[in-house]
Amino acid sequence: MIANSESQPRGRFLPVLCLIFLFLPNIHVIDFLPDFIACFLLAKYFSRAADISPYFNEAVASLKRLGWVNLARIPALFLVISVRAQNRADYDIIVLLSLVFAVGELLLSLQAAHYLFEAFFYLGERTTHPAFIKPFPYTKEGTRRIEPEALRSTTALFLIVKALASTAPEFLRLSTAKSDPGGSTLYVSGTIYYPMILTFAFLLATVVGAIWLARALAYRRAILEDGGLDAALAEMIPSGELPVLENKQKLRALLTALTVLIVASFFTVDLTFDNVGGVNILPQFLFAAIVCFGIVRLRPFAEGTKPALISGAAYGLLSLITTTLTILFVDRYGYDALLRSVEARSAYLPIKIFAALEFAALAVFLFFFLRVQNSLVLRETGVSPNSPRYDRTEIGYHRMLKRRNVFLFVAGLLMGASKCAEAFFLGTVKTVTIHDIGGLEKTMVVPVLEWFPVVVVAAAVIYIFASFYVYGGLKEELRLKLSEEPIAKDE
């Protein structure tokens, strides 16, 4: 049967942790306690309810969209750093991005809150647990009570104040044109009132957020004292529907894990900027971390995950070392120094060594990951090999899915080999002469194979395509098996 997660300490603490993450205000693009963590955790927390009771499905969808929008703050922050590195007086990009995120997150937050309260009120009206709709105490003494509908209004007020507090002060930093005594036009950013307004907005949002947090926790406490969410959901499950619900939850868990692996493939693309010395701001340890997270999600459904996780951690660590050495080298020497400095060439040698070790670790990681994928195919698609119904047709079916996994494995090796080779080619430079627009000759120091970054990008694109092809096909196979009613059980 469906486990009562609220009877476990982690199930009780998880919503509290999420509410704490959500109540803290943001400052323009910066989110000190990232809301996307809370959004994704809440979406997971309510995923079972989405299969049982109305409105939870819409709430989960809104929380996921909100999480992805909030997650986009991370690349947006890198964009701000890149733009301001070229012009430190440019605050307009901060104003623009803070406005975009504030509006987008406000709309999705209001939508998620609307569906969550509708879901709670529906349970209160349809079950024997009235705590979802009856007034609840929000003070220690318990003398003061508040309607859940009033908490709904407080939630909307908090979300609006939080959005305004993160955006409104930034408009004081917009560039304004002024003329100096010589007739030249100057662009001036900010006013002396900005720090004061920012502090006031942050404190106001914190106070309103604290009030909302206290009342939301009191509402949750009242629900727990009345039996909790799972007790109410249990009354909503029709007789004989439990196996179907378990199948839906299993399918959702598998699809989520495969989606994580698809997302990880995008982190194989090198994202470099000239103003940061050409260093990749999406280093490979991010790819390793996300794939390992996907493997953790697959642990209940596949074998051999432990060696894959250990090798993935080793690969991520070596990638982190390679990236750190590259940053230190670029900061101290730069690639131009390789042409004239013996010291620079000696300093670059560890980068080559760790790049080779990183690729070797990637190959081991991909091998163990291939075994995990093959185990998943055998256990969760088609007929189990342990079943008497496992015949030649099923053997061919599983062989076909395994060949897809091998294709992804080879694409991963190609991606890793290209990055390793690029590290070696970047360490060997040459001079080229070009002619600028005025016809003047200009000498530049470039890698010995200038075109090789195109190969690296192509290899990453191939891996992304392979991920979509393999995991997308596997998703369809899983839907085909797990969407059947009743549950197909192998002998």
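Trainee: Where do Phe 365 and Phe 369 lie, and how many residues apart are they?

Mentor: Both are found in helix α13 (residues 342-380), four residues apart, which is about one turn of the helix; helices here are DSSP runs of H or I with at least four residues, strands are E runs of at least two, and both are numbered from the N terminus. The model is a predicted one, in which local features need pLDDT of at least 70 and side-chain atom pairs count only at pLDDT 80 or more, while totals for chains, interfaces and linings use all residues. Residues are numbered from 1 along each chain as its sequence is written, and side-chain values use heavy atoms, with hydrogens and water left out.

Trainee: Are Phe 365 and Phe 369 buried or exposed?

Mentor: Phe 365 is buried, and Phe 369 is buried as well, where buried stands for under 20% relative accessible area, exposed for over 50% and partly exposed for what lies in between (1.4 Å probe, protein chains only).

Trainee: How many aromatic pairs does the structure hold, and why is the one between Phe 40 and Trp 68 called edge-to-face?

Mentor: There are 21 aromatic pairs. The ring centres of Phe 40 and Trp 68 are 5.2 Å apart with planes at 65°, and rings of Phe, Tyr and Trp (its six-membered ring) pair if their centres lie within 6.5 Å, with planes under 30 degrees apart stacked, over 60 edge-to-face and the rest tilted; the pair is therefore edge-to-face. It links distant parts of the chain, 28 residues apart, with Phe 40 in helix α2 (residues 35-45) and Trp 68 in helix α4 (residues 56-71).

Trainee: What makes Phe 40 and Trp 68 partly exposed?

Mentor: The relative accessibility of Phe 40 is 26%, so Phe 40 counts as partly exposed, and Trp 68, with a relative accessible area of 44%, is partly exposed too.
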